[in-house]
Number of protein chains: 2
Amino acid sequence: MTAKTVLIVDDEASIREMIAVALEMADYRVLEADNAQTAHAMVVDDQPDLLLLDWMMPGTSGIELARRLKRDTATAELPIILLTAKSEEDNKIQGLEAGADDYITKPFSPRELVARLKAVLRRATPTGVEDTVEIDGLRLDPVSHRVSANGEALDVGPTEYRLLQFFMTHQERAYTRSQLLDQVWGGNVYVEERTVDVHIRRLRKALGDDHQHLIQTVRGTGYRFSTKE
Amino acid sequence: MTAKTVLIVDDEASIREMIAVALEMADYRVLEADNAQTAHAMVVDDQPDLLLLDWMMPGTSGIELARRLKRDTATAELPIILLTAKSEEDNKIQGLEAGADDYITKPFSPRELVARLKAVLRRATPTGVEDTVEIDGLRLDPVSHRVSANGEALDVGPTEYRLLQFFMTHQERAYTRSQLLDQVWGGNVYVEERTVDVHIRRLRKALGDDHQHLIQTVRGTGYRFSTKE
DNA sequence: CGCGATTGTCACGAAGCTGTCACATTAGCG
DNA sequence: CGCTAATGTGACAGCTTCGTGACAATCGCG
C-alpha cells in the first residue's frame, strides 16, 4: 500500500508541526501550507489525497478555499477535513455545506485526528469489486479471501495469495521478476529479484501436485501462468 | 432507529446534489457514486439500505447494475429505485423485470421522491423485525436479543452480540478491521483497530469450543465468519 | 452514590511471514 | 559429455501480525 499524502493548511506553524508529527508516525506523507493561496497551488501541483484545513485564517478563510475546490471539477473529489477552534455548531453546518467531508474541533488528540482521517480516506477510495476466478479446478475468491483446489481449501500465505491472484488474472503471459515485483509487491520496494523465485516455490508447494504445473518457468525471463502444455 | 442510508448513482453531479439535499432534509444518510463500477463497490462495502439508480449512464448502464446486484444473493435484498429521463413505458417494464422495486421518471419533485422512497423502504423491512439466524447449532434471535448454542444460552456482551449478528448475516466474506469498525461500531467512531481483535477474542470465548471455529482469522487482512473448514 | 458489567487500550509472548543466503539441481549449449 | 548460467530448495534470523490477560475508565442501573 502506498502512503497517502495529506496537505495541512493552517497559519499557525506550531499546530501544523503537531499534526505533522502525528501523521508521520502513522505513515502518511505530509505537506504544509500556511495560507489559502499557497494551499490552492499545492493542491493543483502536488495532488494530495486529503486536505486538512483550518477554518480561520487571515485573508481567504478555510471555508472559502473548501468551497472553491469543491466547485472545480478537477479538485472536487479531494476529501477535506475542516479544523476549527471552538465547537461552533453553526460553522459545522456551513462547513459541511461547503463540501467538507468531516469536521474536527480543537483541541483534539492526535489519535482522534488520525482515526477520522482514516475513516474519510477509507470512504473516499472505494475498493474495486473483484470477481472470483476459477481455472482448471483452482479457485480464488477475493470476497472470502480464499483459495481452493477442487473444493478443498488451500493454505496460502499473504504474498502467495497476491501472486496467485495476479497470475490468475493475467494468464498466458510471461512476466519478468522485475515486473512481478512491481505488480505484486508494489512499485517502490527494494527486494532482491531472487526473492520472487522463493515465493514462486512457496506458491507451487501450496498448490500441490495437481496444480503446480500452472506456474511455469520461462527460462531466462521469468514466470508464466498457463493451463496449456 | 438509526438513519437509513441511501446510495445515489447518477453521472450528473447536479442531479445527485439535488437529490442529496432533499434526502438529507428528510434525515437520510446519503452516499453518492457517479458510475456503476464505483456504485457496485460501495454497495458491497457500505451496505446502503436503498439504491437510487439512474437508468442511463456511460459504460455499464443502470439497468445492468441492477440486474447484477439482484443476481448476487449477498445484495439481492437491496431495494432499488430506478430513475429515468423520459416516461418510456418500455423501459419501465424492463426495469421492473431487472428487479427494481420502483421507478421514477424525471422530472420529479423531491417530495414525490421521498414519498416513494419511504414506501419502498417500508415494504423492504417488514415491521422492522429481523429474522433469527441459525447456523450450525448457533442461534441468534434479534427479537429476544439472545444467543444460544444447541439450545443452551450463551452469555454475550452487547458489542459481541452486534459483531456476531453482523457476521451471521454476512458469512463467507473476509472483512478488514476497518470495515468491521464501520459496520459494527458505526461509521464515525474512532477506535483503535486492534480493539476489534479483543472483541473477536471475547466473542470466540463466549461461543465456546464448539463454535469458535466459525470465526476465522484471515491473516494480513482481518476476519471471516464461515462454517467451512 | 455504589456496584457490577462493559469497553477500549496496552504490553507481552506466540505464531506466522518475509527476504536472503548457501548450496543443490537443472537446462542449454558447444 | 562437460561447463556455465539459471533456477530450485531448505534453512534461518528478523520482522509483522495476532492472541491473550490485565487494567483503568466509563456506563447502566438500582
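**Two chains and a DNA strand**

Mentor: Start at the DNA. This is a predicted model. Four elements each supply at least two residues of the surface near DNA strand D: α8 (194-207) and β11 (215-218) of chain A, together with α8 (194-211) and β11 of chain B.

Trainee: How many residues surround DNA strand D, and which are the closest?

Mentor: There are 23. The closest are Thr217(A), Gly220(A), Tyr223(A), Thr217(B) and Tyr223(B).

Trainee: And how do the residues of that surface divide into nonpolar, polar and charged?

Mentor: Four are nonpolar, five are polar and 14 are charged.

Trainee: What share of the DNA atoms within 4 Å of the protein belongs to sugar or phosphate?

Mentor: It is 57% for DNA strand D. The rest belong to bases.

Trainee: Where does the side chain of Thr217(B) come in?

Mentor: An N or O atom of that side chain is 2.6 Å from a phosphate oxygen of DNA strand D.

Trainee: What about Arg194(B)?

Mentor: That one goes to a base. A polar side-chain atom of Arg194(B) lies 2.8 Å from a base nitrogen of DNA strand D.

Trainee: Switching to the protein interface. How many residues of chain B are in contact with chain A?

Mentor: 22 residues of chain B, and they touch 16 residues of chain A.

Trainee: What area do the two chains bury between them?

Mentor: About 1,700 Å², with 52% of it on carbon and sulfur atoms. The size of an interface is often given this way, as the accessible area lost when the parts come together.

Trainee: How many residue pairs are in polar contact there?

Mentor: Seven between chain B and chain A, counting pairs with both residues at pLDDT 80 or more. On the chain B side, the elements giving two or more residues are α2 (36-46), α7 (177-185) and β11 (215-218). The largest share comes from α2(B), with six residues. By class, that side has five nonpolar, eight polar and nine charged residues.

Trainee: How many salt bridges cross the interface?

Mentor: The rule finds one. Glu172(B) and Arg146(A) form it, at 3.0 Å from N to O.

Trainee: What else does Glu172(B) meet in a salt bridge?

Mentor: Lys228(B), at 4.0 Å. That pair links distant parts of the chain, 56 residues apart. Lys228(B) is in the segment after β12 (222-225), and Glu172(B) is in the loop between α6 (158-168) and β10 (174-176). Together, Arg146(A), Glu172(B) and Lys228(B) are linked in a network of salt bridges.

Trainee: How many salt bridges are there over all chains?

Mentor: The search finds 11. One of the pairs is Arg194(A) with Asp197(A), 2.9 Å apart at the closest N and O atoms.

Trainee: Why are those two separated by about one helical turn?

Mentor: Because they are three residues apart in helix α8 of chain A.

Trainee: Is Asp197(A) buried or exposed?

Mentor: Buried, because its relative accessibility of 14% is under the 20% cut-off. Arg194(A) counts as exposed, at 58%.

Trainee: Last one. Where is Ser148(B)?

Mentor: In strand β8 (residues 146-149) of chain B. Ser148(B) counts as buried, at 15% relative accessibility. Leaving out residues up to four places away in sequence, Ser148(B) touches Gly137(B), Leu138(B), Arg139(B), Ala153(B) and Leu154(B).

How values were computed
Residues are numbered from 1 along each chain as its sequence is written. Chains are lettered from A and ligands numbered from 1 in the order in which they are written. This is a predicted model: local features need pLDDT of at least 70, side-chain atom pairs count only at pLDDT 80 or more; totals for chains, interfaces and linings use all residues. Side-chain values use heavy atoms; hydrogens and water are left out. Contact means heavy atoms within 4.5 Å. Buried area is the accessible area (1.4 Å probe) that two parts lose on being put together, summed over both. A salt bridge is a side-chain nitrogen of Lys or Arg within 4 Å of a carboxyl oxygen of Asp or Glu. A polar contact is a pair of N or O atoms within 3.5 Å; within protein, one must be able to donate a hydrogen and the other to accept it, and residues adjacent in sequence count only if both atoms are side-chain atoms. Ala, Val, Leu, Ile, Met, Phe, Trp, Tyr, Cys and Pro count as nonpolar, Asp, Glu, Lys and Arg as charged, and the others, Gly among them, as polar. Buried means under 20% relative accessible area, exposed over 50%, partly exposed in between (1.4 Å probe, protein chains only). A residue is near a molecule or strand if one of its heavy atoms lies within 4 Å of it.
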